[in-house]
Amino acid sequence: MEVLKTNDLLIGYGNKAILPPINITLKEGDLVALIGPNGAGKSTFFKTLTAHIKQIEGNIELMGKDLSNYSSKEKARLIGLVLTSRPDDMFLTVYDVVASGRSPYTNYFGKIKKEDEIIIHESLEIVGINNLKNRYFETLSDGEKQKVMIAKTIAQNTPIIFMDEPTAFIDYPSKIELFSLMKMLTKERNKTIIFSSHDLELLLRYTDDLWLLSKGKELITGKKSELMDKGFIKEYFNLKEDINI
């Protein structure tokens with residue numbers, strides 16, 4: 001089942017496109033890594049696909065319907081987004097932050113129901129941070145904060161999850177744990193996940209499907225082995241030597 005599709009999508013700011021037209025398809029259960037050097041347009045692409053920036057031309061289909069035809073609340077029930085930005089309220093607990101993921105499903109007063117509480121606790125357990133639920137968010141380490149933001153997005157219970165640099169700020173064992181978590185969500189819960197990262201060697205070890213970006217170049221999609229064999233990764237990252245994995 002197709003969950004997201006672009007047709008001749010041009011992204012950028014104003015009328016200035018930063019990449020050639022993009023035509024991609026995401027299916028239910030896909031786990032895709034968006035990779036590319038700094039300044040390639042990864043953040044702009046993410047922001048466009050999640051309706052934070054309007055595209056210059058072309059269209060984005062979400063669940064077979066044009067993205068622009070969804071209300072904000074409808075989009076919040078379909079697209080989850082993990083960003084590197086953090087809440088700045090020093091009095092929020094971990095539970096409060098994760099519970100905010102349920103806001104697309106609450107009423108005007110934001111009242112949490114029993115079914116919401118079950119999902120919140122399950123999300124804390126999935127990410128392995130139930131022991132932190134009563135801690136103030138501001139007292140956590142950067143890696144712990146990252147896990148809280150992922151738990152919040154899981155609580156949002158969307159079919160599609162975008163993660164912008166989810167491996168930033170966390171140590172190597174936590175990065176491996178995160179890859180296992182993403183694979184579990186796609187395989188066992190049929191979530192569709194696309195994430196960006198600068199951890200090129202790590203991505204090539206633990207991810208099969210890649211979207212490859214480089215400044216001004218066509219978006220390339222494919223299996224890791226295929227893109228490596230054809231030299232696209234070496235070319236797009238301007239590498240002098242091949243990466244051994």
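Q: What covers the buried residues of α5?
A: The cover includes α2 (72-76), β8 (79-82), α3 (94-99), α4, β9 (160-164) and α6. Covering goes by contact, which is heavy atoms within 4.5 Å. Buried is under 20% relative accessible area, exposed is over 50%, and partly exposed is in between (1.4 Å probe, protein chains only).

Q: What kind of model is this, and what pLDDT do local features need?
A: This is a predicted model: local features need pLDDT of at least 70, side-chain atom pairs count only at pLDDT 80 or more, and totals for chains, interfaces and linings use all residues. Residues are numbered from 1 along each chain as its sequence is written, and side-chain values use heavy atoms, with hydrogens and water left out.

Q: Back to α5. How many of its residues are buried?
A: 11 of the 15, so α5 is mostly covered. Among them are K145, Q146, V148, M149 and I150.

Q: What does α5 span from its first C-alpha to its last?
A: Helix α5 covers residues 142-156 and reaches 21 Å. That is close to the 21 Å expected at 1.5 Å a residue. The expected span is 1.5 Å times one less than the number of residues.

Q: And what comes just after α5?
A: N157, with a positive phi of about 55°.

Q: Zooming out, how many helices and strands are there?
A: Nine helices and 12 strands. These are DSSP runs, numbered from the N terminus: H or I of at least four residues for helices, E of at least two for strands. The radius of gyration is 18 Å, close to the 18 Å that the globule rule gives for 245 residues, so the chain is as compact as a globular protein of that length. That radius is taken over C-alpha atoms, and the rule is 2.2 Å times the number of residues to the power 0.38.

Q: What share of the chain is buried?
A: Buried residues make up 46% of the 245. Among contacts between residues at least 6 apart in sequence, 67% join residues at least 24 apart.

Q: New topic. How many salt bridges does the structure hold?
A: Nine. The criterion is a side-chain nitrogen of Lys or Arg within 4 Å of a carboxyl oxygen of Asp or Glu. One of them joins R189 and E122, with the closest N and O atoms 3.3 Å apart. R189 lies in helix α6 (residues 172-189) and E122 in helix α4 (residues 114-127), so the pair ties together parts 67 residues apart in sequence.

Q: Is R189 buried or partly exposed?
A: R189 counts as partly exposed, at 36% relative accessibility. E122 is partly exposed too, at 37%.

Q: What does K224 pair with?
A: D208, with the closest N and O atoms 3.8 Å apart. K224 sits in helix α8 (residues 224-229), and D208 in the loop between α7 (200-206) and β11 (209-212). K224 is buried at 13% relative accessible area, while D208 is partly exposed at 48%.

Q: What about E226: which residue does it meet in a salt bridge?
A: K230, at 3.3 Å, N to O. E226 is partly exposed at 34%; K230 is exposed at 55%.

Q: Last one, T6. Where is it?
A: In strand β1 (residues 2-10). T6 counts as buried, at 1% relative accessibility. A polar atom of the T6 side chain lies 2.9 Å from the backbone oxygen of I22.

Q: What else does T6 touch?
A: Not counting residues up to four places away in sequence, T6 touches I22, N23, I24, L49, N59 and I60.

Methods
Polar contact = N/O pair within 3.5 Å; in protein donor to acceptor, adjacent residues only side chain to side chain.
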